[in-house]
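Please keep the sequence and the structure in view while working through the points.

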Amino acid sequence: KFDAKKVGDRQVEVEISAPAEPGSAVLALSVVTPEGVSEPREIWVGGELPVVAEKEPNNGLRQPQPVAIGQLVDGAIQNPLDTDVYAIEGTAGQRLSVEILAHRRGQALDATLTLFDDRLAILASNDDQTDTVDPRVELTLPMTGRFMIVVADAHDRGGPLNQYRLQIRHRP
């Protein structure tokens, strides 16, 4: 980490070209300044799942953003007390893994993840995994219907370094 007073506090835009082959790759990106080289940050490129962007307003259980199981969602907790809510349709017995990638991607976000059924009963919730502050829940859906996924910051903060990727996957 660098002292902004010494190196400047500026935004940098970077364009990266990667092979268009199926699959995903993890690239390491470092920034070089007159003060030295930053620690590398991982950047995920490509992948087998489609990526959709978070669309506001999706701040409450009454206005969730519809997404599909098998999608990735790129979002951000933009303001203090912000929450992002997504709705999925599922069937009884379906096994899911829902995970946030934020801290492992160099973001400040300490996300929480909560899944509700259509009656707003909590089915699963997680704050931190054993090896990271990024949350993950794995569950078997108890019924067919609509389910809500709520993403929030554990400390009720928001801002430009609170970006995340939400993974919604089928589990074998």
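The model is a predicted one. The protein has 172 residues, of which 38% count as buried. Its secondary structure consists of 1 helix and 14 strands.

**Overall figures**

- The accessible surface of the protein amounts to about 10,400 Å², and carbon and sulfur atoms account for 50% of it.
- When contacts between residues at least 6 apart in sequence are considered, 66% of them link residues at least 24 apart.

**The sheet containing β7**

- Five strands make up an open sheet with mixed pairing, in the order β5-β7-β14-β9-β12.
- Strands β5 and β12 (136-140) lie at the edges with a single partner strand each, so one side of each has no neighbour in the sheet.
- From one strand to the next, the twist averages 20°.
- Strand β5 (residues 51-53) pairs with β7 in the parallel sense over 3 bridges, and Ala53 stands opposite Asp74 in β7.
- Strand β7 also pairs with strand β14 (residues 163-170), in this case antiparallel and through 5 bridges; here Gly75 stands opposite Tyr164 in β14.
- Strand β7 (residues 72-76) is largely enclosed by the rest of the structure, because 4 of its 5 residues are buried.

**The sheet containing β10**

- Another open sheet of 5 strands has the order β6-β8-β13-β10-β11, and its pairing is mixed.
- Its edge strands, β6 (65-66) and β11 (122-126), each pair on one side only.
- Strand β10 (residues 111-116) is joined to β11 by 4 bridges in the antiparallel sense, and Phe116 has Ile122 in β11 as its bridge partner.

**Nonpolar cores**

- In soluble globular proteins, nonpolar side chains tend to be buried together.
- The largest nonpolar core of this protein contains 24 residues, and Leu113, Ile149, Tyr164 and Leu166 have the most contacts inside it.
- At least two residues of this core come from each of β8 (83-90), β9 (95-101), β10, β12, β13 (145-153) and β14.
- Which residues does Ile149 contact, leaving aside its neighbours within four places in sequence? Among them are Val85, Tyr86, Ile88, Val98, Leu113, Leu166 and Ile168, together with Asp84 and Thr114.

- Most residues other than glycine have a negative phi, and most peptide bonds are trans.
- The peptide bond between Glu56 and Pro57 is cis, with omega at about 0°; Pro57 belongs to the loop between β5 and β6.
- Leu81 is not a glycine, yet it has a positive phi of about 70°. This residue is located in the loop between β7 and β8.
- Is Leu81 buried or exposed? Its relative accessibility is 64%, so Leu81 counts as exposed, the cut-off for that term being over 50%.
- Asp156 likewise has a positive phi, near 60°, in a residue other than glycine, and it is found in the loop between β13 and β14.
- Asp156 counts as partly exposed because its relative accessible area is 43%.

Definitions and conventions:
Residues are numbered from 1 along each chain as its sequence is written. This is a predicted model: local features need pLDDT of at least 70, side-chain atom pairs count only at pLDDT 80 or more; totals for chains, interfaces and linings use all residues. Side-chain values use heavy atoms; hydrogens and water are left out. Buried means under 20% relative accessible area, exposed over 50%, partly exposed in between (1.4 Å probe, protein chains only). Two strands pair if DSSP finds at least two bridges between them. Axes are lines fitted to C-alpha atoms, for helices over the stretch in contact, and angles run from 0 to 180 degrees between N-to-C directions. Contact means heavy atoms within 4.5 Å. Accessible areas come from the Shrake-Rupley method with a 1.4 Å probe; for residues, only the protein chains shown count as cover. A nonpolar core is a set of buried Ala, Val, Leu, Ile, Met, Phe, Trp, Tyr and Cys residues joined through side-chain atoms within 4.5 Å.
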